[in-house]
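Look at the structure shown here and follow the text through it, one part at a time.

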Amino acid sequence: MVLSDRTIKEELARGRIVIEPLDPSCIQPASVDLHLDRKLLVFRNNRQPYIDVRKEMTDLTEMEEIHDDAPFILHPGEFVLSSTLEYVALPDDLVARLEGKSSLGRIGLLIHSTAGYVDPGWKGHLTLELSNVANLPITLYYGMKIGQISFLRLTTPAENLYGSPALGSKYQGQSEPTASRFYRDFPKDK
């Protein structure tokens, strides 16, 4: 069951859902608007001939920042990682869905490829997978509304929360855009 604005407000007041900072005007009928933070991980495609998912590739991306009112230009076909300005934390019986704003989708801006699901127990800033599928560059500004998060109640509280040692969670507590850690799923070379 998707939580309504009334239930979202109740869960926020009880501290079970945490969104910081939170402007109350960002609470929508069944979601909360989230904003774009300053930092972006930009892919430098000229440094590697391909992406090897079994290896940590520290030089594949480079951190850049959006400064005040100066936009970051996301070119057609470009893909960058960013994060939400807001810190988000979920209790053991809620999951969340991160979705784009329809007004941005209508100009070709996608905010996630596959990482729209937020597990129970999550704590941190959400990484955004920004793609421009339009034919023209799109401007991105620090603090702009970038997406929305909705919440769903589980049938029972989860046994293993995101971040628990049993799961080997890779991104708990992140505070800025975080590159893929998929390489950790492979056994270390001997």
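**A buried glutamate, a helix and some rings**

The backbone nitrogen of Ser113 lies 2.4 Å from a polar atom of the Glu129 side chain. This is a predicted model, in which local features need pLDDT of at least 70 and side-chain atom pairs pLDDT 80 or more, while totals for chains, interfaces and linings use all residues. Residues are numbered from 1 along each chain as its sequence is written, and side-chain values use heavy atoms, without hydrogens and water.

Glu129 is part of strand E9, residues 123-132 (strands, E, are DSSP runs of at least two residues and helices, H or I, of at least four, numbered from the N terminus). Glu129 is buried (under 20% relative accessible area; exposed is over 50%, partly exposed in between, with a 1.4 Å probe and protein chains only). Glu129 has no salt bridge (a side-chain nitrogen of Lys or Arg within 4 Å of a carboxyl oxygen of Asp or Glu). The nearest side chain of opposite charge, Arg97, is 9.6 Å away.

Next comes helix H1, residues 5-14, whose buried residues are Ile8, Glu11 and Leu12. Seen down the helix axis, they fall within an arc of 100° (taken from the directions to the C-beta atoms), so they line one face of H1. On the other side of H1, Arg6, Ala13 and Arg14 are exposed. Just after H1, Gly15 takes a positive phi of about 80°.

The structure also holds three aromatic pairs (ring centres of Phe, Tyr or Trp, its six-membered ring, within 6.5 Å; planes under 30 degrees apart are stacked, over 60 edge-to-face, the rest tilted). One of them, Trp122 with Tyr162, is tilted, at 5.4 Å centre to centre and 55° between the planes.

Notes: Lys and Arg count as positive and Asp and Glu as negative; His and the chain ends are not counted. A polar contact is a pair of N or O atoms within 3.5 Å; within protein, one must be able to donate a hydrogen and the other to accept it, and residues adjacent in sequence count only if both atoms are side-chain atoms.
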